[in-house]
Amino acid sequence: MTSTPPPAATKSANSIVAVLALAGIVVSLMQTIMIPLVPELPRLLNASSSDAAWAITATLLAGAVATPVTGRLGDMYGKRRMLLVSLGLLITGSVIGALSDSLIPMIVGRTLQGLAAGVIPLGISIMRDELPPHRLGAATALMSASLGIGGALGLPASAFLAERVDWHVLFWGAAGMGALATAFVVLLIPESGVRGGGRFDLVGAAGLSAALVCLLLAISKGGDWGWTSGLTLGLFCASAAILVLWVLWERRAAQPLVDLRTTVRRQVLLTNLASAVFGFAMFAMSLVLPQLLQLPEATGYGLGASMLTVGLVMGPSGLVMMAVAPMSALISRTRGPKVTLMAGAVVVAAGYGLGTVLMSAIWQLVLVSAVIGAGIGLAYGAMPALIMAAVPVSETAAANSLNTLMRSIGTSVSSAVAAVVLAQMTFTLGATTVPSQNGFRVVMAIGAGAALAALAIAAFLPAHRPPGPPTQHAPPPASPDTVGALRGGQ
């Protein structure tokens, strides 16, 4: 028995995929747009180094808060509507950043840019609602991978512009790309009729936001404040206490922000755990390779390269992620997304293994970056398929948003762990203390270990079942749209 595909012609389906992938890439560019400016931020914004770092931290915190909230609002009031709201916030934040010459306006602008983080899970959910089943797997794989694609491709572009034009152009460019994506969404993306309804859980949203802000603030600033300082430990404790209260509230709420009954299903729970660990593994590459490239040759292992060269080395990983998205969908369709996720974890672990021994030439780091990018592309393509196969269609955006949030938490923890390792394993070069080569090897080994941990978690996911009657696949309550989407996700 086969389900009836949504009434979308091939041309319309292609347009939906292209526009949503573009929107995802534009949003993910916000991760790397500031990287070339980081060393100069204190001078550019007339602020201390610790204060200027808030221009990066603000985006992280805003994205963590916005992702689950916009997902739930999308399920309730319309995914296209929330997609346009998110892009509008990105444009507004980019314009404020372009007009900024001091710290406070820049933090405001970067916060608004971070609030657009929900675009990728919203895009995946729109695809589930609008695309025919045979197109869904490859499309969601591409959309999920856009988180890494935009970050990788944006680095060389932003480095090139930062070296040759006024830095404000970076933000004007972000605003222009956001406006272009918005125009395409207005013209080509339909509003889905699939709605979850109900009332918005304001208490649940505030509680989850407070817990996430405390957790990520402690992780991101713990290195500056001291991991054993009262402020850092207090934030960790506050996050844990708020999270416990939030779980109690969500279990009793008639219409919770996050349906914990769905979240604790084995497939959803293990996929989210694997996503967090995989986010940890992925980000180690972004921390190690740029430093290896930019450290002076006098260290004996640094390559003394420019930021533009760093971008060109990291860029191919984004192209590889894009190229493997169809392969990810093919493996998921024939062998199941569990196998795809496990394969991605193995490839990432192999990439980091290569990195521990291949770090003495630019071509070696390009190879390492590309291999890790291939693994990320495989795994990120499998995650939405696993999530959508286990949740009702009315909860797609909220469930995908939670999965995206788990990846972000993993990357934040990875940044903190790598910073601690590299701060402890150093040597003195002249009057400067720099990370040692063994420190970079340890971080890569930790990245490989995290990928293998994700492999172990994925091994406990339910096995793929061959296509059968729709009732064998759809979780209650199910609709024809749900069944069609689940077939496409597998």
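In the predicted model, the side chains of Arg43 and Glu40 meet in a salt bridge, with a nitrogen-to-oxygen distance of 2.9 Å. Arg43 has a relative accessibility of 57% and therefore counts as exposed, whereas Glu40, with a relative accessible area of 35%, is partly exposed. In total, the count comes to four salt bridges, and two others are described below.

A salt bridge also joins the side chains of Lys79 and Asp129, again with an N to O distance of 2.9 Å. This pair links distant parts of the chain, since Lys79 belongs to helix H5 (residues 79-98) and Asp129 to helix H7 (residues 119-130), the two residues being 50 residues apart. Lys79 counts as buried because its relative accessibility is 1%, under the 20% limit, and Asp129, at 10% relative accessibility, likewise counts as buried.

A further salt bridge is formed by Asp224 with Lys221, where the closest N and O atoms are 3.6 Å apart. Both residues lie in helix H10 (residues 202-225), and their spacing of three residues corresponds to about one turn of that helix.

Turning to helix packing, the axes of helix H15 (residues 337-357) and helix H18 (residues 437-458) come within 8 Å and cross at roughly 165 degrees. Because angles over 145 degrees count as roughly antiparallel, H15 and H18 are described as roughly antiparallel to each other. The crossing in which H15 passes H18 is left-handed. On the side of H15, the contact is made by Lys338, Leu341, Met342, Ala345, Val346, Val348, Ala349, Tyr352, Gly355 and Thr356, and on the side of H18 by Arg441, Met444, Ala445, Gly447, Ala448, Ala451, Leu452, Leu455 and Ala458. When these residues are sorted by class, the contact of H15 with H18 has 14 nonpolar, three polar and two charged residues. Among the contact residues, Lys338 of H15 and Arg441 of H18 belong to the charged class, while Gly355 and Thr356 of H15, together with Gly447 of H18, belong to the polar class.

Methods. Residues numbered from 1 in each chain as written. Predicted model: local features only at pLDDT ≥ 70, side-chain atom pairs only at ≥ 80, totals over all residues. Heavy atoms only, no water. Axes fitted to C-alpha atoms, helices over the stretch in contact; angles between N-to-C directions. Helix = DSSP H or I, 4+ residues; strand = E, 2+ residues; numbered from the N terminus. Parallel < 35°, antiparallel > 145°, perpendicular 65-115°, else oblique. Left-handed = near helix turned anticlockwise from the far one by under 90°. Contact = heavy atoms within 4.5 Å. Buried < 20%, exposed > 50% of the residue type's maximum accessible area, 1.4 Å probe, protein only.
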